[in-house]
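Please keep the sequence and the structure in view while reading.

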Amino acid sequence: MPIVITADNFKNEVLESDKPVLIDFWASWCGPCRMLSPVVDEIASEHPEVKVGKVNVDEQPELASQFGIMSIPTLLFFKNGKNIDVSVGVVPKTSIEKMISQ
(Lines give C-alpha, C1' and ligand atoms only; values in the text may rest on other atoms or scores of the structure.)
Protein backbone atom coordinates (compact mmCIF):
# COMPACT_ATOMS: atom_id res chain seq x y z
CA MET A 1 0.00 0.00 0.00
CA PRO A 2 1.22 3.50 -0.75
CA ILE A 3 2.12 5.70 2.18
CA VAL A 4 0.65 9.14 2.79
CA ILE A 5 3.26 11.82 2.15
CA THR A 6 2.90 15.12 4.00
CA ALA A 7 5.06 18.20 4.46
CA ASP A 8 5.99 16.77 7.87
CA ASN A 9 7.29 13.41 6.64
CA PHE A 10 8.49 14.39 3.14
CA LYS A 11 12.15 14.78 4.07
CA ASN A 12 12.31 11.46 5.90
CA GLU A 13 10.15 9.41 3.52
CA VAL A 14 11.37 10.84 0.20
CA LEU A 15 14.59 12.84 0.37
CA GLU A 16 16.31 10.50 2.86
CA SER A 17 14.79 7.26 1.54
CA ASP A 18 17.19 4.40 0.87
CA LYS A 19 14.89 3.30 -1.98
CA PRO A 20 13.65 5.17 -5.05
CA VAL A 21 10.29 6.87 -4.40
CA LEU A 22 7.28 7.26 -6.69
CA ILE A 23 4.86 9.96 -5.56
CA ASP A 24 1.30 10.33 -6.83
CA PHE A 25 -0.09 13.88 -6.48
CA TRP A 26 -3.89 13.50 -6.48
CA ALA A 27 -7.22 14.79 -5.12
CA SER A 28 -10.40 12.95 -4.14
CA TRP A 29 -12.56 15.01 -6.56
CA CYS A 30 -10.29 14.28 -9.54
CA GLY A 31 -11.74 11.65 -11.91
CA PRO A 32 -8.45 10.89 -13.71
CA CYS A 33 -6.77 10.55 -10.29
CA ARG A 34 -9.33 7.90 -9.32
CA MET A 35 -8.59 6.09 -12.61
CA LEU A 36 -4.82 6.09 -11.96
CA SER A 37 -4.99 5.24 -8.26
CA PRO A 38 -5.51 1.44 -8.66
CA VAL A 39 -2.55 1.34 -11.06
CA VAL A 40 -0.36 3.15 -8.52
CA ASP A 41 -1.55 0.69 -5.85
CA GLU A 42 -0.54 -2.23 -8.12
CA ILE A 43 2.91 -0.71 -8.61
CA ALA A 44 3.24 -0.43 -4.83
CA SER A 45 2.39 -4.09 -4.28
CA GLU A 46 4.34 -5.49 -7.25
CA HIS A 47 7.54 -3.43 -6.86
CA PRO A 48 8.88 -3.66 -3.29
CA GLU A 49 12.16 -2.12 -4.48
CA VAL A 50 10.32 1.21 -4.85
CA LYS A 51 8.58 3.19 -2.11
CA VAL A 52 5.23 4.52 -3.31
CA GLY A 53 3.57 7.51 -1.72
CA LYS A 54 0.53 9.69 -2.30
CA VAL A 55 0.16 13.42 -1.76
CA ASN A 56 -3.37 14.78 -1.51
CA VAL A 57 -2.96 18.24 -3.08
CA ASP A 58 -5.94 19.64 -1.16
CA GLU A 59 -4.39 18.62 2.17
CA GLN A 60 -0.78 19.41 1.20
CA PRO A 61 -0.91 22.52 -1.02
CA GLU A 62 2.62 23.54 -0.01
CA LEU A 63 4.09 20.31 -1.43
CA ALA A 64 2.10 20.70 -4.64
CA SER A 65 3.35 24.27 -4.93
CA GLN A 66 6.95 23.31 -4.10
CA PHE A 67 7.02 20.93 -7.07
CA GLY A 68 5.00 23.12 -9.44
CA ILE A 69 2.11 20.70 -9.70
CA MET A 70 -0.32 22.36 -12.12
CA SER A 71 -2.34 19.32 -13.22
CA ILE A 72 -3.28 16.13 -11.45
CA PRO A 73 -2.65 13.30 -11.42
CA THR A 74 1.07 13.94 -11.53
CA LEU A 75 3.66 11.30 -10.70
CA LEU A 76 7.15 12.31 -9.55
CA PHE A 77 9.97 9.79 -9.34
CA PHE A 78 12.81 10.41 -6.89
CA LYS A 79 16.14 8.63 -6.71
CA ASN A 80 18.77 9.49 -4.11
CA GLY A 81 16.63 12.43 -2.96
CA LYS A 82 16.47 13.97 -6.44
CA ASN A 83 13.40 14.31 -8.66
CA ILE A 84 14.49 12.54 -11.84
CA ASP A 85 11.23 12.02 -13.76
CA VAL A 86 7.70 13.40 -14.06
CA SER A 87 4.51 12.02 -15.59
CA VAL A 88 1.32 14.09 -15.92
CA GLY A 89 -2.13 12.60 -16.50
CA VAL A 90 -3.39 9.05 -16.69
CA VAL A 91 -0.71 6.81 -18.13
CA PRO A 92 -0.51 3.05 -18.71
CA LYS A 93 1.07 0.86 -16.06
CA THR A 94 3.90 0.04 -18.48
CA SER A 95 4.86 3.71 -18.63
CA ILE A 96 5.10 3.89 -14.85
CA GLU A 97 7.13 0.68 -14.75
CA LYS A 98 9.50 2.13 -17.34
CA MET A 99 9.85 5.27 -15.21
CA ILE A 100 10.74 3.33 -12.05
CA SER A 101 13.20 1.02 -13.83
CA GLN A 102 15.64 3.89 -14.49
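## A bent helix

Helix α2 bends by about 30° at serine 37, and a proline, proline 38, follows within four residues; the bend at a residue is the angle between axes fitted to the seven residues ending there and the seven starting there. The model is a predicted one, in which local features need pLDDT of at least 70 and side-chain atom pairs count only at pLDDT 80 or more, while totals for chains, interfaces and linings use all residues. Residues are numbered from 1 along each chain as its sequence is written, and side-chain values use heavy atoms, with hydrogens and water left out.

Helix α2 covers residues 31-46, which is 16 residues, and from its first C-alpha to its last it reaches 24 Å, close to the 22 Å expected at 1.5 Å a residue. That expected span is 1.5 Å times one less than the number of residues in the helix. Helices (H or I, at least four residues) and strands (E, at least two) are DSSP runs, numbered from the N terminus.

## The buried side of the helix

Which residues of α2 are buried? They are Cys33, Leu36, Ser37, Val39, Val40, Ile43 and Ala44, where buried means under 20% relative accessible area, exposed means over 50%, and partly exposed lies in between (1.4 Å probe, protein chains only). An α-helix has 3.6 residues a turn, so residues three or four places apart point the same way. The cover over the buried residues of α2 includes the strands β2 (21-26), β3 (51-56) and β4 (74-79), together with the helix α4 (93-100).

## The chain as a whole

The chain has four helices and five strands, and along the sequence these follow the pattern β-α-β-α-β-α-β-β-α. The radius of gyration of the chain is 12 Å, close to the 13 Å that the globule rule gives for 102 residues, so the chain is as compact as a globular protein of that length. Here the radius is taken over C-alpha atoms, and the globule rule is 2.2 Å times the number of residues to the power 0.38.

Along its principal axes, the C-alpha trace spans about 30 × 30 × 20 Å, and buried residues make up 46% of the 102 residues. Among contacts (heavy atoms within 4.5 Å) between residues at least 6 apart in sequence, 69% join residues at least 24 apart.

A disulfide is a covalent bond between the sulfur atoms of two cysteines. In this chain the count comes to one disulfide, taking as the rule a pair of cysteine sulfur atoms within 2.5 Å. Cysteine 30 and cysteine 33 form this disulfide, with their sulfur atoms 2.4 Å apart, and both of these cysteines are buried. The torsion about their S-S bond is about 80°, so the disulfide is right-handed.

Tryptophan 29 is found in the loop between β2 and α2, and, with a relative accessible area of 56%, tryptophan 29 is exposed. Not counting residues up to four places away in sequence, tryptophan 29 touches Arg34, Asp58 and Ile72. Tryptophan 29 and aspartate 58 are 29 residues apart in sequence, and their C-alpha atoms are 9.7 Å apart in space.

## Two backbone details

Most residues other than glycine have a negative phi, and most peptide bonds are trans. A cis peptide bond, however, joins isoleucine 72 and proline 73, with omega about 0°, and proline 73 is found in the loop between α3 (61-66) and β4. Asparagine 80 has a positive phi of about 55° although it is not a glycine. This asparagine 80 sits in the loop between β4 and β5, and at a relative accessible area of 69% asparagine 80 is exposed.

Is serine 87 buried or exposed? Serine 87, in strand β5 (residues 82-88), is buried, with a relative accessible area of 10%. Leaving aside its neighbours within four places in sequence, serine 87 is in contact with Pro73, Thr74, Leu75 and Met99.

Aspartate 85 also lies in strand β5, but aspartate 85 is partly exposed, with a relative accessible area of 25%. Not counting residues up to four places away in sequence, aspartate 85 touches Leu75, Leu76, Phe77, Met99 and Gln102.
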